[in-house]
Amino acid sequence: MFPAAADAVPRPRSPQDPPPSKQRDAFFDNAKYLAIVLVAVAHSWEPLKGDSRILEGVYTVVYSFHMPAFIVISGFFSRSFDMRPDRLRRLITGVAVPYVLFETAYSLFKRYADHDPGMDISLLDPWFLTWFLVALFIWRLTTPIWKLVRWPLPLALGIAMLASVTPDIGDDLDLQRVLQFLPYFVLGLVMKPEHFRMVRRRSMRIAAVPVFVAALAVGWWAVPRMNTEWFYHRNAVQEMGAPWWTGPVMVLAMFGSSLLLTACFFAWVPGRRMWFTALGAGTLYGYLLHGFLIKGVDFAGWFDHAWLHRPLGELFVSALAAIAVTLLCTSPVRRVFRFSMEPDMNWAFKKDATDVARVRERTTAAPREKVDA
């Protein structure tokens, strides 16, 4: 899903690597950008939705597919991951290091901006949106296992169902979310490019319209009848005061509905280059930085203004959130914050023998090519 730091030295391709492409796939960059906009807009609705049944209904519909869409794409682009040193380095520098930095930054931000002296810095307890980096790190490390087993998706669903009835898992590393969202990542791993082409057919785009209309109607109906916590996947069923058997049932039901809405979302994503396509490469920046804006406004009490809780105010907040996260994905912002999200940490790792041999081969081949010429 997110861009990782480029290797300092070219590396040889592995047989498991996808064939090289001349340019990025516009569809996936478009999907990532549109999904991050939905993430930011949905976060901006959280302080407002309690006053509007319609907004809460739309919020639940968006929450049912925007993170699954991100996670499916993450799984799809993790298909070639193995335990090769260069890939492990990129996992550490592109996911683990940003988690440490931003979990620390968010904890300090809440402590001082929200006047919460009890907010501790704990890397075991992700706060707000940093949980996704923990999850991505764990999911990607387990990728070789999912590529090995015969029925990866049913196994992942079984793990998610068991997690939903196991409160003893606790809050460390937000493992409930890691396990309950796991099937979406595994689904991305087993998907092929033709599966994405199937959902982008014209017939699917047409069918997506009534599906979303029906989903919005169900979301409005479910507001007083359903606990929104189900959409966060962060608690066991016992912690929500529901019968134990509803946990596995809801995992399957929400996986099915989220998968349907995610397919409809992909059907609407344009496949050609758009004005926002290049921003898809900066979704990590938009994701990790927009939280400071949303929480900062919330801590300052600006969401308390009555006019923001009316329809025009809600539209205004939504537009501001979309504009803000768009700006955070742009090249100037990425250059400023690259040190924290794509750090150059070659000094921290031993040189890979394969890379060293490749460089030696290139340097010795250059003079020979001149002689031959």
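Visitor: Which helix does Trp221 lie in?
Guide: Trp221 lies in helix H11. Keep in mind that this is a predicted model.

Visitor: New topic. Which residues does UniProt annotate as "transmembrane region"?
Guide: The unreviewed UniProt entry lists several stretches, including 203–223 and 243–268.

Visitor: How much helix is there over residues 203–223?
Guide: The chain there is 95% helix and 0% strand. The end C-alpha atoms are 31 Å apart.

Visitor: And what about residues 243–268?
Guide: That stretch is 88% helix and 0% strand. Its end C-alpha atoms are 37 Å apart.

Visitor: Let's talk rings. How many aromatic pairs does a search of the whole structure find?
Guide: It finds 33 aromatic pairs. One of them joins Tyr106 and Trp127, with ring centres 6.1 Å apart.

Visitor: Why is the pair of Tyr106 and Trp127 called tilted?
Guide: Because the planes are at 55 degrees, and tilted covers the angles left between under 30 for stacked and over 60 for edge-to-face.

Visitor: Which parts does that pair tie together?
Guide: Tyr106 is in helix H4, residues 85–113. Trp127 is in the loop between H4 and helix H5, residues 131–141. So the pair ties together parts 21 residues apart in sequence.

Visitor: Is Tyr106 buried or exposed?
Guide: Buried, with a relative accessible area of 0%. Trp127 counts as buried too, at 17%.

Visitor: What kind of pair do Tyr106 and Phe128 form?
Guide: An edge-to-face one, 6.3 Å centre to centre, with 75 degrees between the planes. Phe128 sits in the loop between H4 and H5, 22 residues from Tyr106. Both Tyr106 and Phe128 are buried.

Visitor: Which rings are linked into a cluster?
Guide: Among them are Phe27, Phe28, Phe65, Phe212 and Trp268.

Visitor: What lies over the face of Phe27?
Guide: Arg200, at 4.2 Å from the ring centre.

Visitor: And which ring does the charged end of Arg150 sit over?
Guide: The ring of Trp151, 5.6 Å from its centre.

Key
Residues numbered from 1 in each chain as written. Predicted model: local features only at pLDDT ≥ 70, side-chain atom pairs only at ≥ 80, totals over all residues. Heavy atoms only, no water. Phe/Tyr/Trp six-rings, centres within 6.5 Å; stacked < 30°, edge-to-face > 60°. Helix = DSSP H or I, 4+ residues; strand = E, 2+ residues; numbered from the N terminus. Buried < 20%, exposed > 50% of the residue type's maximum accessible area, 1.4 Å probe, protein only. Lys NZ or Arg CZ within 6 Å of the ring centre and 35° of its normal. UniProt positions renumbered as here; feature names shortened; annotations may be inferred.
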